[in-house]
Amino acid sequence: MTDATTIKQKRSFGEWFKDFATRNIFLWLAFLIPFLLMVIAYGVMDVSPFGDKQILVTDNWHQYFPFLADLQHKLQNGESLFWTWSVGGGVNYFSLMSYYLASPVNFLTMFIPAGVLREFLMFSVCLKIGLAGSFTALFLRSVYKRNDLSLVMFGTSFSFCAFLIGYYWNTIWLDTVCIFPLCALGIVKLLTENKFRLFTITLALCMLTNYYIGFFVCIFVLLIFIAYSIVHWHSFKNFAVNLIKTGAFSLLAIGITLFFLLPAFLALQNTHASGSNFPSTFAINMGGSNDLFGVLKALKSITGNIANFTSPAIKAADAIPNISCGAVTVFFGFLYLTCSKVKTKEKIVAMCLILFMFLSCIIRQLDYIWHGFHFTNMIPYRFTFLISFVMIAMAFKAYKYLSLTNVISAIIATLLSVFVLVMEIDDPGIEKMFTTERLNWVTPTLIAFGSIIAFTALVVILYSKRIIPKNVVTIALTIVVIAQSAATGICGVIVTTVTGTYDYPRGGEKTAYLLDYMNNQEANTPELWRSEMTSTQTLNDGALNHYNGLSMFNSMANEKITIFYENMGMMGWKSGNRYTYAEASPFVNMFMNLKYLVARDGKIHNTYDMAEVCTKDNEKLFQNTHYIPMGFVTDKNLLNWKADENEGNYNPIEKQNEFFRNATGIEDELNTRLEVVSQGHSDSSKFTVNKTDYGVYSFNCSDSSLKPHVKWNYTAPKDGLYVMYADIKDGEDVTVLQNDKEQPGKYGMARPYVSPIGYFKKGDKISVYAELKAGSSGKARVYVDLFNEDVFEQGFTKLTQNVMNTTKLTASSMEGTIDVKQDGLFYTSIPYEKGWTAVVDGQKVDVSAVGDAMLAFPISQGEHTIKLYYYPNGFWPGFAVTMACILIFAALCFLIYVKKKKPIPEPAKLDIPEPDEE
C-alpha cells in the first residue's frame, strides 16, 4: 500500500499543456475569433498580403509607420534610443518613443525584413484586437467565476467595440486598450483579495505602452475604487486601508515607469499642448447651447449612437463618441438593471459611472481633465473604450444570472433597447457619423440592430420559459455576436479606408536609388549631414526613407523649434505639432547644414547652389555647393537674434537678413526687397484690396458668388535669384509668372514659407497670383526679394574659416576638433533641449540656444577638442526611482513567496489509546 506522504510524480509538459489549453479554451477562442475576423476584414479590403492595399491612413501614414520604420532601422543597427537625427533636424527620441513606439510588439521588428514591415503592422493590429477580447474574457472569468462560451461572446464584443474599430488605425493606442482589462482585474483583486502583483505590473505596462491612454486608465482606477467603496462600504477604517493600498501600489507602478515617463513629462512642457487653459465658463462639446437643454440634446445623441455599429468616428472633431459594443451587450446591459441578484446600490453606482463618462464627453471642463489637462486636436473623446467596458461587465453579470430572468425583465430590457434605437432615428449627430456618402447605411444599420435585439429577446424569453436550454441560448447569441462583429470589422475598414502600396514610399525604386547613391558618396564622411525632399509625402520622410531630415510631424514637437523654423522662413505650425522643409533659399540650406536635395519631379527653383549629381528616370538628386559641415563659428552677436512667437508680426525674409548679419558681421542686406509696381486683382467694384504696410494687404469681396483673385507685379532690378513669401487667406496655391508666363506648378503656401522662385533677368516682370475662395475677405502678406549672391558669398567664405572636423558621430553624440581663428560662437543646427552637454578640451561649458532653439556655445581662439552628447532630461533621476521601485516590488513579492512557502505546523497529536480489539 502506498504511503500518503509519497511524492507524486510530476506531470509531463504535454499533460500540463493539454490541461492548460483545456482550462483556457474559451480564452483562446476569445482571442482567435476576433483575430481571424479582423484578418478577414482586411482581406476583404485587399490589404497586403491579400492584395495591393495597406492600412496606412491619416496619422498612420504620416507618423506611426514612418516612426516604426525608423525604430526598426535603429534596432537592427544598434543605435541609441535617446536621440534621432532622422526627423526635425534631430529630436528627443525617448519622448517620441513614449508616445508612438513603446509597444513591446514593435521591438519584434528587429527580427523581420523591412520589406514586410507594413504587413507586420497589419497583423499586429489583428493581434491586439484579439488580445483585447481574450483579456476581457479573462477579466470576466476571474471576477464573475464563469468559464463557458459566454466569455467568447462578450470578449468579442469588446474587441469590436466602436472605439477599437474606429481608431484601429491609431495603432499607438491599441496596446494600452487591450492591456486595460487586465489592469481592471488587477484593481479588483487588490481590493477584494489583497493581491497587488497583477495590478502593479499591468498599470505600469499601461503607462509604458502609451502614457496618454494610460492616464485614462489611472482615472478609471480611481473611479473603480470609488464605486467599489460605495457598493461594498464596511467602515471608514476599511475605506482608508483600501485608499492607502490603491494609492501606494498605483504610485509604485508609476514609479517603475519613471525612467521612461519622467523624460516624457519634461519634454511635454516644451510642446504647444502645454499652453492649454482650463475653461473659465461652462461650455459643452456637442448639443448646441451651453445649458441644460444642450446637455440633454447631447445625451440623446450619445445614447442613440450606441446603436451605430457600422460607421464609427474616425477623426472628425465634431463626431459623436464611439461607444457602441454590440446589440447583445445593450440588451443584457439593460437586463442587468432588472436583475434581482444585483444590489440596487450597485445598479445606481454603475449607471452613475456611465452617466459621468457620458457627461465627460459633453462638458468641456471634464473633457479637459480627462485629456491630460488640455483639449485634443481632432479625435475627441479618447477614453470612451472605458464606457464600452463597463457596459460589457454589466451585461455579462446579467447573463450570469440569466436563469433568474423572467418574461417581464426581458420585455423591459427590450423596450429600453428600442429606446436607444429611437434616440438614433433622425438625430442631428447621425450625419456626422455616417457622413453624406454613407447615409444609405443608416436604415440597414438600425434594422440590423433592431433585429438582433428582437432575436435576443426571443431566445431569452424562450429560455425563461425553459423551452430551450441555456447552452442553445449561449451558442445562438455567440453566433449573432460573431456575425455582427464581422460586419463591424468590415464596415470599420471601409469607413477608415485603405491606401495603395504601389507608391509608398513615394518614388519607390527610383527614390531608393538616389538615396543609395547619396549614402555611397558619403560612406566615409564622419560628420552629420542632412538631406531633404523638395516636397514631402509623409511629413516624416526622413524616418520613412532613413535619411537625416529637417521635417517633422510629432505630437511631442518642441514648440520653440517650430517658432524658429517659422522665423527662418520655413514651414511651421505650432498647434499642428509640425515643422517642415520645402525647397528653401541658400541661406536656410547653409545654416541648417543641408547637403542633398531630392526632387521627385526633377524640378527645383534654386539653381544657384544646387548642382545635379544623379538622375534616375525623372527623379534627380542635387548637392548643395555651399554646404558647411555641422559645427562652425559665427559672430557672438548671433545670440542676440530673437525669434518672434507671433507669426503675423514679422517678415521672415527680414528675419533671415537679421540672422545672416548677426552671424557674419556683414552689414549689407542678404535680401533686397522689391516694391509692387502694379496690381491685377479682380474687379475693384466688387473686390477691394488695400495696402496697410509694406507687403501687407487687406481685401474684401462684396459678392459672395464671386471667386476673386489677387495679383501683384514687380520688376526685377538685376539678374539673379529671387525669393518669395506669401501668406494669403484662402489663397493657399500661389502661382508665379515671369513676363506674364506661368511657371510650371504652384507653390503650396497653406503654411507659408520663403521659397526661391527662380532666376530672373533685369527688367523681367515678376507676378505673384492666387485665386481665392468665393466671397473671400481677409489679409495677405506678400514679399518678393532679390537674393544678393555677392553678399551671401562673403558670408559663406567667412563662416567656412572655422569649421569643426568631426571625428566621431553616433545617434546621440558627436566629437571633433576645431582651429578657431578668433573668439566667437560655436553654432550648430542641432535643436536644443535640456540634456545636451558640451565638453571643450575636457571641460563642460555652458550651452546657449540661438533663437531659443539651436545649440551653441561661446568658444575662444585656438585649437580645441569638442564633444557633444545627449541624455534625455530627467532620465537619470527617473532611472534611480525606477530601480528603487523595482527593488521594493521584488522585495514584496519575495515576502509573499516566503510566507506561502513557510511550513504550517502540524496540529499536535493527542495520545488517545487505541480501542482494544474484540
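Is Asp617 buried or exposed? I looked this up first, and at 60% relative accessibility Asp617 counts as exposed, where I take buried as under 20% relative accessible area, exposed as over 50% and partly exposed as in between, with a 1.4 Å probe and protein chains only.

**Basis of the entries.** I am working from a predicted model, in which local features need pLDDT of at least 70 and side-chain atom pairs count only at pLDDT 80 or more, while totals for chains, interfaces and linings use all residues. Residues are numbered from 1 along each chain as its sequence is written, and side-chain values use heavy atoms, with hydrogens and water left out.

**Backbone entries.** I noted that Asp617 is not a glycine and yet has a positive phi of about 55°; Asp617 sits in the loop between β10 (610-616) and β11 (619-624). For the element names I rely on DSSP runs numbered from the N terminus, helices being H or I with at least four residues and strands E with at least two. I found a positive phi, near 70°, at Asp740 also, a residue in the loop between β19 (733-738) and β20 (741-742) that is partly exposed, its relative accessible area being 45%. I then checked the peptide bond from Ser48 to Pro49, which is cis with omega near 20°, and placed Pro49 in the loop between α2 (25-44) and β1 (53-54).

**Helix α27.** Which residues of helix α27 are buried? In this helix, residues 789-799, I list Val791, Phe792, Gly795, Phe796 and Leu799 as buried. They lie on the same side of α27, because they cover an arc of only 135° around the axis, the arc being that of the directions from the helix axis to the C-beta atoms. Their cover includes α25 (586-591), β12 (632-634), α26 (652-664) and β24 (778-787).

**Ile653.** I went on to helix α26, where Ile653 is located, and recorded that Ile653 counts as buried at 0% relative accessibility. Leaving aside residues up to four places away in sequence, Ile653 touches Asn671, Val723, Tyr725, Val754, Tyr783 and Asp785, a contact being heavy atoms within 4.5 Å. I also took the separation of Ile653 and Phe163, which are 490 residues apart in sequence and 46 Å apart in space, C-alpha to C-alpha.

**Salt bridges.** How many salt bridges does a search of the whole structure find? The search gives 25, counting a side-chain nitrogen of Lys or Arg within 4 Å of a carboxyl oxygen of Asp or Glu. I looked up Asp727 and Arg781, whose side chains meet in a salt bridge at 3.3 Å, N to O. This pair links distant parts of the chain, with Asp727 in strand β18 (residues 720-728) and Arg781 in strand β24, 54 residues apart. Asp727 counts as partly exposed at 25% relative accessibility, whereas Arg781 counts as buried at 3%. I saw a further salt bridge between the side chains of Lys574 and Glu566 (3.4 Å, N to O), where Glu566 counts as buried at 3% relative accessibility. Lys729 and Asp730 form another, their closest N and O atoms being 3.1 Å apart; Lys729 is partly exposed with a relative accessible area of 39%, and Asp730 counts as partly exposed at 23%.

**Sheets.** I traced an open sheet of three strands in the order β6-β8-β7, with antiparallel pairing, where strands pair if DSSP finds at least two bridges between them. β6 (552-553) and β7 (571-573) stand at the edges with a single partner strand each, so one side of each is left without a neighbour in the sheet. Between β6 and strand β8 (residues 578-580) I found two bridges, and Phe553 has Arg578 in β8 as its bridge partner. Elsewhere, strand β26 (residues 813-820) runs antiparallel to strand β32 (residues 862-870) and is joined to it by eight bridges, with Thr865 in β32 as the bridge partner of Thr817. Strand β28 (residues 836-840) is joined to β32 by five bridges, again antiparallel, and Trp836 stands opposite Tyr870 in β32.
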